[in-house]
Amino acid sequence: MMPMPDYYEFLNYPKIVSGQFALENIPSELDGYHAQKPLVITSKSIVQRGLTKQFVKAFYDSTVVLGGIYDEVRDYAGISQAREAAQLYKARGCDALIALGNGPVVDLAKAVNILVSENLDHLGPHFDGAAPARPLKPLIVVPACSFNGWEATHAMTVDNRRLVADALYPAAVFIDERITIGCCPECLAETGIIALAQAFEAMTADGHNPMIDALAHPALNLLAQHLANGAPRPSDSSACMALANAATMAAAAFCNAPPGMAHLLTEALGRATGIAPGKLMAIILPAVIDMLQEQRTPIKDDVLLALAGLEQFATSAGPDRGRSSLRIMLTLVDSLKKTLPALREAFQIQRHLLDQVAHEAAGNSAGRFTVPQCLTVLTQAIQEPAS
Amino acid sequence: MQAKTITGTSNRALEIDLTSRTFREVRINETDLELYLGGKGLGLKLLYDRLTPGVDPLGPDNKIVFSTGVLLGTGAPCSGRFEAVTKSPLTGIMASASCGGPFGMALKTSGWDALILNGKAEAPTYLVINSEGVQFKAADGLWGKDTDSAQDELLKEGNGALVIGQAGENLVRFANIRSGHRFLGRGGMGAVLGAKKIKGIVAKGGEVKIVPVDKKKFVKTNRKFFKAIEQNPMTSGSFRYFGTNANVNPSNAAGILPVRNFTGGSHGEAHKISGETMAERFKTEWDTCKPCVIKCGHKGTIKGQKRHIPEYETMGLLGPNLEIFDPEVISDWNELCSYYGMDTITLGGTLAWAMEATEKGLIQTQLKFGATEGVAEMIRDIALGNGIGKDLAMGSRWASKKYGGEDFAMHVKGLELAAYDPRGAVGQGLSYATANRGACHLSGYVLALEAYFGMASPHATRWKHYMVKYFEDAFAAMNSLHICQFTAFAVQLEPPLIKLTADFVIKLLNQNLSPLALNLMDLSLWPELWHSILGKRYIPYLSMLKFRKAGERVHVLERYMNTREGISKKDDTLPRRLLYEGRKCDAKERTVPLEPMLEKYYKLRGFDANGIPTKKTLKRLGIEIK
Amino acid sequence: MNINKYPEVKPGRKPLKRIYLAIMLWTVGKAIPVAAKVDPEIKKEFEKLPKNFTLRLMVQPERAFPLFFYTKMLPGFVVKNGMLPYGLQMILHIDAQGKVHYQGADPRGKKFDLSMAFKNLEAAMMIFSFRESTPTGYAHDRFVVEGYLPCATTFMRVLDIVQVYLLPKIIAKRAVKRYPKWFEMPPWRKHINRIIIYLRAFTF
């Protein structure tokens, strides 16, 4: 039964438009904000895949003029590029921002938004603690295939520093199959596993609430249905759409919940080693689940309902449901092994770094996880399997 | 007491356990010497046999090996150098550094070919080495002293000393180790010694004499060597009279001088720091390693003091890279670095990052491009660990991970770039990306062909992978002899075939059929020296090929050791600025097209698509897989 | 930084889709008044609407779809009575006697009591190329309604019936919410009314 929490807070701001011809709705959405000239921020890989051409076609027969397509973002969002984009924004007299892509592209767009809305040259005051309070310019996010989980949320990572503020929520997220179509199985698998971890951790976190469950539940459900079959087939648009939606929902749930161990460890280890978080999650998530199994941590029944559906839920006994849901999680992660093989370099992570990573993760957990717990999980994660 | 004579090499290494304060003699395997030549190669092999992957570079399980090489002590030209190898605290992977100064000679003439340090001393200690072994002495009185005074103290007990300064004691990740007026500069070896609580190592020296087995051949080869060095315009001209700063004007002209944190490639005021200007301004005289016939080291009168003239890298990275063109100020900073014991290259790269980060609001410091205010104070703060100096002491990779600005942190694998911008010489870009210790310019000095001698096209990518591999192997072999890398100008360019062929013909051949062109190069002077000292039979051409293969072996072993620490293709890259941002000094605003060169390089080296040496390659080179 | 590396992008047009939609809207607009005369159900629906009522079906944004270039060359009565397709709007007026008139595609000088707008050209294409039925389109927010919502529902019912008349079953089935059973619309009535509508709407 759904317990009613004594107190909770929840915010998920962006309007989500998902489906066929979703992109064509952007002009009318911009019209609602009285914006006519957005600056598009994207990356070279999106341009090379021809997605920008598709994107521009969506603006045909509208009165919107794109102020420019800034495509210099690659794998890093930094203040140098944010300033350049802000300069372009001001020079062209733009009044809105569109981020076409994922991860660093969206982070950069959020940074540009702060620079142009508050007329700043750098983000120093905000990194020192001042959160952007004013409503910023309308930011529209059009995600492409590889999510890092933070695009549609109120967090931004620029220059390796994370800023979290309600004002950073994008105005709208448009998920269109023409753009979310996968570029390669690895990206889809990374997206899927991050979304899986986020949805699972949101649902099992202390202090979860009905709103988080409402978003994490369908996310887990979609992932359970589409992850194993969809990840190896990036050209399957229905699977890509399902994964994209699942990722958005999982992120919305996760950003309202305290961060889980898998997430904290992945971020800290990614920072220490430079390996992509999606690849690290493939080895850390199973280790976290093993830890939960060993400690016999009680897992809510709803998780099994989301992952396996009503039939399996109804036929399993109450006490077994938690264990079954963990088994299903492990199966899902295993199914990605072909697409996302744990890389040799993931197992070559230097052991002396683990201590530092465990300390960082435990520190960021605000006391919910201890250093020995984190270290145990990390050590297990980087042990090369016997085969 | 008459010195004992060693013919060839003693094949003795001294292995010291600092934790238990014990030592033992280790016999160097003949096969290892044959395969790895000595110097860097042998040092790496000794480390490979002992070091467990994944250890903390500043922990007691890290080891540091000082390896002298076969040539040292024999009087071979430019042989007064030795090599150190360890796991670097700056990069977390293998670091090797070469150094002149008196320590190498003192260690060799104490009867030891190599020195291995394990463990960690409980309290500050210094070591005194003689032919019997080592004495462990308390360094309480020395701890906290600068390198000058500490070295003066230590040299009372021997002919050559290695010493760290306060930077090493405070575990500055790019602290260096001093030997005379030279340094084991890169990779933070000073911090490794500092973590082991070793303030210095003195070698008595003068206890043994090293003579070559085949004296006649040795003398004959020496003569050929001297002739080549005297004939070559670089070794007998530019470097001899103007030092390494003779490179400033050609670099400026070729657009490879780093300006303002690598945003520019040339500057109108660069001539103020050129070797020619300084020779005249500071009335320079020679201040060299012994025995050196090139004599690139100079000292001059700066601000009324006799000071060693800063080398090109220092000038470039603490000069135009920070938009400073006053050699006196740069000399002040160089002196501070020597005093505290810090690598000027990493310091220059880190300061440039800090200036740009300050400009962009990522950190708050006094530093500004083109301004000298605050730099000396920051150097002190870095050495002593004060304020933000503590973070900058970790190097620009760590600082940019913490504060942002990764897109303008100019390092590869954590080691900062040397003073050559590869957007003006793309082969050097590949070399930076694939060099084993990080952005090392000495791994394969291809830019000399591209930017100085006109023997390769600076922006073409064709065959650059072959050039880089060739020079990496040659230089790895050279560092295993051990001989100064500047002899490469004489050895490679003086043979008649190269000398008498017009540069444009060499360029044409090199750019279109590099394997043929480079294989026609005669490197035999180097292996001839090695063979004559050990009395081994020298077969023309074949022995040279064996020498090059030994170099390949050394390079691949180092690479393999790095891959055990997690290095792979994702790390063989260049800073984003070099890959994606063009410069105004280049009309076409070109960047370095790394990817196509890298793929070909991996295939040529026998690495898989992820840059890991395959089992087949390791077997072919005789490297035991651990 | 050279901002000319990132030029402005003025998105183009899809002329063929515009022409197609103009013709479709014109066809429907011409057919509705005739259908209102011959079909009793449609007549009943229109009686529910107030008198002197003007409604339109259009594609947004209005500014992006000016009248076709040749409109200026057409005589006034052709424009006023919508005798040729010339824009992406369909304007219907119910006069004081309850008679339905098609008033072409020119919105200038008119006041609208009900305005139903497709949010964009593709949304209109989805409905008028029958990839989505009208009620599904409404559920997907493909078009927005300004004005009195019950009137919009009435109009959509009218549109359903007109589409059954205008289109063959195989297409109309996808376009309408529920294709009427044979006893609701006997085939003989359907075919006769179809012929009447086509003849009267497009000949005079």
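Colleague: Which strand does S4(A) pair with over four bridges, and in what sense?
Modeller: Strand S5 of chain A, residues 139-142, in the parallel sense. Bear in mind that this is a predicted model. Within that pairing, Leu97(A) stands opposite Leu139(A) of S5(A).

Colleague: And which strand pairs with S4(A) over five bridges?
Modeller: That is S2(A), residues 38-43, and this pairing is also parallel. Ile41(A) has Ala99(A) of S4(A) as its bridge partner.

Colleague: Which residues are on each side?
Modeller: In a regular strand, side chains alternate between the two faces of the sheet. In S4(A), one side has Ala96(A), Ile98(A) and Leu100(A), the other has Leu97(A) and Ala99(A), and both faces are covered.

Colleague: Changing topic: chain A against chain C. How many residues are in contact?
Modeller: Chain A puts 28 residues in contact with 25 of chain C. The area buried between the two chains is about 2,300 Å², and carbon and sulfur atoms give 56% of that. On the chain A side, Phe21(A), Asp61(A) and Arg92(A) lose the most area, together 28% of what that side buries.

Colleague: How many salt bridges across that interface?
Modeller: The rule finds three. In one salt bridge, the side chain of Asp61(A) meets that of Arg18(C), at 2.6 Å from N to O.

Colleague: Last one, over in chain B. Where is Asn176(B)?
Modeller: In the loop between helix H5(B) (166-169) and strand S11(B) (177-179).

Colleague: Why does Asn176(B) count as buried?
Modeller: Because its relative accessibility is 3%, and the cut-off for buried is under 20%.

Colleague: What lies 3.0 Å from a polar atom of its side chain?
Modeller: The backbone oxygen of Met342(B). Leaving out residues up to four places away in sequence, Asn176(B) touches several others, including Val163(B), Ile164(B), Phe183(B), Gly341(B) and Asp343(B).

Note on methods
Residues are numbered from 1 along each chain as its sequence is written. Chains are lettered from A and ligands numbered from 1 in the order in which they are written. This is a predicted model: local features need pLDDT of at least 70, side-chain atom pairs count only at pLDDT 80 or more; totals for chains, interfaces and linings use all residues. Side-chain values use heavy atoms; hydrogens and water are left out. Contact means heavy atoms within 4.5 Å. Buried area is the accessible area (1.4 Å probe) that two parts lose on being put together, summed over both. A salt bridge is a side-chain nitrogen of Lys or Arg within 4 Å of a carboxyl oxygen of Asp or Glu. Buried means under 20% relative accessible area, exposed over 50%, partly exposed in between (1.4 Å probe, protein chains only). Helices (H or I, at least four residues) and strands (E, at least two) are DSSP runs, numbered from the N terminus. Two strands pair if DSSP finds at least two bridges between them. A polar contact is a pair of N or O atoms within 3.5 Å; within protein, one must be able to donate a hydrogen and the other to accept it, and residues adjacent in sequence count only if both atoms are side-chain atoms.
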